[in-house]
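These are notes for a colleague who is looking at this structure for the first time. Please read the points in order, with the sequence and the model at hand.

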Amino acid sequence: LGIWTKEIMWTFPLACLLYIGVFNKIHLPSSQQRLPVLIWIGSVFCVITWILSVHVQKSFGDLPTWTGKSGLFSWGIYENLLTQANVLVLNYFKVLLFPSVSWLIFDRQLILYQNLGEYPTVCSVFLIVILILYAFYSIKSRPLFAFGILWYFITLLPSSSVIPIHDTSVEYRNYMPSIGFWLALFTLIA
């Protein structure tokens with residue numbers, strides 16, 4: 001029911017799987033017992049993907065193309081991914097680490113990035129990939145850190161990933177993901 005009220009709820013099944021995967025709370029001894037769980041999880045993801053695609057198509061008409069303008073979308077998926085990588089590093093991380101009043105802007109419009117090789121996009125993508133890989137690497141040794149980092153990126157999926165949104169950077173999108181950010185940071189400090 002929450003999926004119809006707020007986009008962040010689309011990440012709830014992924015967050016549940018993340019919790020189970022990182023903290024290993026469900027012990028299934030045989031592959032015969034795993035199969036129904038995997039079928040159920042796959043079915044939930046298929047339904048969520050179908051709901052999401054129907055919602056996007058009803059809201060926007062055509063689905064976005066990989067690059068360039070299509071329908072109501074002013075840019076494509078590729079440009080949005082590059083721009084959102086810079087939003088994460090240059091806006092969201094910066095505000096979380098150095099909360100200055102001058103950086104707290106409710107609705108910030110950014111430059112649309114169109115090339116992976118241009119600065120600062122290459123650095124932003126590199127940092128995000130390193131953080132995600134390190135989170136997966138540290139699941140066994142630092143589960144709270146891994147959970148926090150992966151939570152951060154999972155909860156940003158509806159607003160900062162594939163579908164181009166005209167407001168490229170809005171502060172309130174960072175509220176729920178910041179829980180994971182702070183959990184990971186304080187785990188490293190402790």
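1. Thr 11 is buried, with a relative accessible area of 5%. Here buried means under 20% relative accessible area, exposed means over 50%, and partly exposed is in between, with a 1.4 Å probe and protein chains only. Thr 11 sits in the segment before α1. Apart from its neighbours within four places in sequence, Thr 11 is in contact with Ile 154, Thr 155, Leu 157 and Pro 158; contact means heavy atoms within 4.5 Å.

2. A word on the basis of these notes. The model is predicted: local features need pLDDT of at least 70 and side-chain atom pairs count only at pLDDT 80 or more, while totals for chains, interfaces and linings use all residues. Residues are numbered from 1 along each chain as its sequence is written, and side-chain values use heavy atoms, with hydrogens and water left out.

3. The chain has six helices and two strands. Helices (H or I, at least four residues) and strands (E, at least two) are DSSP runs, numbered from the N terminus. Their order from the N terminus is α-α-α-β-α-α-β-α. Of the 190 residues in the chain, 36% are buried. Where contacts link residues at least 6 apart in sequence, 69% of them join residues at least 24 apart. The chain exposes about 11600 Å², and carbon and sulfur atoms supply 71% of this area; the areas come from the Shrake-Rupley method with a 1.4 Å probe, and for residues only the protein chains shown count as cover.

4. The largest nonpolar core holds 25 residues, and Leu 18, Leu 88, Tyr 152 and Phe 153 touch the most other members. Such a core is a set of buried Ala, Val, Leu, Ile, Met, Phe, Trp, Tyr and Cys residues joined through side-chain atoms within 4.5 Å. Two or more residues come from each of α1 (12-23), α3 (77-97), α4 (121-137), α5 (143-155) and α6 (175-189). The most come from α5, which gives nine. In soluble globular proteins, nonpolar side chains tend to be buried together.

5. Which residues does Leu 18 touch, not counting residues up to four places away in sequence? They are Phe 147, Leu 150, Trp 151 and Ile 154. These four are buried residues of α5.

6. In α5, 11 of the 13 residues are buried, so this helix is mostly covered. The buried residues of α5 pack against α1, α3, α4 and α6. From its first C-alpha to its last, α5 reaches 18 Å, close to the 18 Å expected at 1.5 Å a residue; the expected span is 1.5 Å times one less than the number of residues.

7. Helix α3 has 21 residues and reaches 28 Å from its first C-alpha to its last, close to the 30 Å expected at 1.5 Å a residue. It is largely enclosed by the rest of the structure, because 16 of its 21 residues are buried. At Leu 88, α3 bends by about 30°; the bend is the angle between axes fitted to the seven residues ending there and the seven starting there. Leu 88 was also named above for its contacts in the core.

8. The loop between β1 (107-108) and α4 contains Pro 120. The peptide bond from Tyr 119 to Pro 120 is cis, with omega near 5°. Most peptide bonds are trans. Gln 114 lies in this loop too. Is Gln 114 buried or exposed? It is exposed, with a relative accessible area of 52%. Gln 114 touches Tyr 78, Glu 79 and Leu 82, not counting residues up to four places away in sequence.

9. Val 122 belongs to helix α4 and is partly exposed, at 40% relative accessibility. Leaving aside neighbours within four places in sequence, Val 122 is in contact with Leu 116 and Gly 117. Val 122 and Ala 85 are 37 residues apart in sequence and 9.1 Å apart in space, C-alpha to C-alpha.

10. A search of the whole structure finds zero disulfides, a disulfide being a pair of cysteine sulfur atoms within 2.5 Å. Cys 16 is partly exposed, with a relative accessible area of 30%. Cys 123 is partly exposed as well, at 42%.
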